[in-house]
Amino acid sequence: MYLNALVALFAFLAAVSANDRHVRLVKRQSPSPSSAPMSTTTASAPSSSASNPSSSGSATSSNTTSNSPVPTTPVGTAIPSLSQITSGMATPSTLPVTATYPAGATPPISGAPVLPTPFVFISSQWPPQDKIAPTNTTEVAQWMQELDGFDVPDLSPTPDGTCAGDPTAAADAANRGWWTCGGYTRVTDITACPTKMTWGVSFDDGPGFYSQELLDYLSSKSLKSTFFVIGSRVVERPTVLVEEYMAGHEIAVHTWSHKPLTSLTTEQIVAELGYTRKAIKQVLGVTPTLMRPPYGDIDDRVRAITLAMGMVPVIWTRTPSGAAFDTNDWKVPGGVVNGSQSFATFQAILNNATMLNTGFVVLEHDLYAQTVDLAIGYTLPAAETFNPPLTFDSIGHCNGIPDTNLYRESNQNASFPYANTSIGGNSSSAGSGSGASKAGDAVLNAAIPLTAALASLAFAMSLL
């Protein structure tokens, strides 16, 4: 028991170190306010300045400062060897968007509105980037009304979204449905694809400076992905988001500032989700119905708020023994692991996937050069040649969710997203058995798509 506690302590300290280095890396690579020009940039032309945070977008920015990593050393687009993919690697130059779309263009989603007027970012009209979204606005007050009539559990926010930071909540994780501490999920969570050896491909934290390389690779292989996007990145690189959407990839919410949601107040969670979906709607004209909590940090309170706002939580897969399908690619820019170690983790994920009765979802990112190099140079090619063969799919599609239901404006199914009339029951935890929630034992009053229900059932059986 003491050994387990010691291992957990070291893991927590490593995570803290990774997050701290992540923040320092972002600050170090961020342009100064004076380096953010106020001119309009044509998306189809290469950027004239590698430090321009709007270089991949066609919109005009006003007094913009970016907290995302900025390319500093143009070295081409060749994929480095695994040993060279490190926190100190030279940062490559970026690619321009491959295609641009005018206002009024028809998206690939039946019934979805045409593309709106190209987005123009005016910083004074948005929350500060990469900061917890403010709650003292008329918009947040309106969004809070979406929670009326829904059962939102009265769970206190955690100090920092970690088990070590709140031992009392961690001990009650099964009742709270807290995924961070024990992998506890509910039937409304999507954690896998229902069909064995199907990989629900996804990338988090973009649109990034290097997302275009990833998009070009996916296009060359005719692969589709789900992009969980950060509101603070959407307003920086709107044309990249447009290309993702128009290419047929799924767009989903990943909050405004990427903070652990269990550590926020209910009003802050609403603001984080609300401003992100607002940014997506202004750029694309649609509002996503899928979301992913940063760090997978979700409990029944966060879950209820998310569902009440019309979004279904998506998390990555865990094995019956509790091993998360996290490539740890995000730890490479932070200097905690290197490319070889991250790829070895992915190879272990593929081997673990063969032992599941369902498909799986993996955590990867498109924010950093290192994570994109790992994806297009190593993880995706390795998966393409893996034996037994894998089927690649986006997460919504592999779960049988019609494309129209992925966005509020085109959704024709009144039972999706799920109605959140009660929370609890049907809880599972990878490697920890089944945990019953005390937040309510009534079954959710919702018509869950058959494939999603089968996925939940099959994954639960794999835990036995």
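**A strand and its neighbours**

Modeller: Start at G200, which faces V361 of strand β9. Keep in mind that this is a predicted model. G200 belongs to strand β4, which spans residues 198-204. Strand β9 covers residues 360-361. The two strands run parallel, and 2 bridges join them.

Now move along β4 to S202. Its opposite number is T226 in strand β5. Strand β5 takes in residues 226-229. Here 3 bridges hold the pairing, and the direction is again parallel.

T198 stands opposite T391, a residue of strand β10. β10 runs over residues 391-394. This pairing is parallel too, with 4 bridges.

Next, look at the side chains. T198, G200, S202 and D204 point one way from β4. W199, V201 and F203 point the other way. Which of these residues are buried? All of them are. The count for β4 is 7 of 7 residues buried, so the strand is mostly covered under the cut-off of 20% relative accessible area.

Follow the chain out of β4.

D189 sits in the loop between β3 (184-185) and β4. The side chain of D189 meets that of R303 in a salt bridge, at 3.0 Å from N to O. The pair links distant parts of the chain: R303 lies in helix α9, residues 300-308, and the two are 114 residues apart.

D130 lies in the loop between β2 (121-122) and α2 (138-144), and R233 lies in helix α6 (residues 231-234), so the bridge ties together parts that are 103 residues apart in sequence. D130 has a relative accessible area of 18% and is buried. R233 is at 3% and counts as buried as well.

A further bridge runs between E236 and R237, whose closest N and O atoms are 3.0 Å apart. E236 counts as buried at 3% relative accessibility. R237 is buried at 0%. How are D130, R233, E236 and R237 linked? They belong to a network of salt bridges. The structure holds 12 salt bridges.

Last, step back to the whole chain. Its secondary structure comes to 13 helices and 11 strands. Of its 464 residues, 55% count as buried. Take the contacts with a separation of 6 or more: residues 24 or more positions apart account for 76% of them. The accessible surface comes to about 17,700 Å². Carbon and sulfur atoms make up 56% of that surface.

To return to the strand: β4 pairs with β10, is joined by bridges to β9 and to β5, and has 7 of its 7 residues buried.

Notes: Residues are numbered from 1 along each chain as its sequence is written. This is a predicted model: local features need pLDDT of at least 70, side-chain atom pairs count only at pLDDT 80 or more; totals for chains, interfaces and linings use all residues. Side-chain values use heavy atoms; hydrogens and water are left out. Buried means under 20% relative accessible area, exposed over 50%, partly exposed in between (1.4 Å probe, protein chains only). Two strands pair if DSSP finds at least two bridges between them. Contact means heavy atoms within 4.5 Å. Accessible areas come from the Shrake-Rupley method with a 1.4 Å probe; for residues, only the protein chains shown count as cover. A salt bridge is a side-chain nitrogen of Lys or Arg within 4 Å of a carboxyl oxygen of Asp or Glu.
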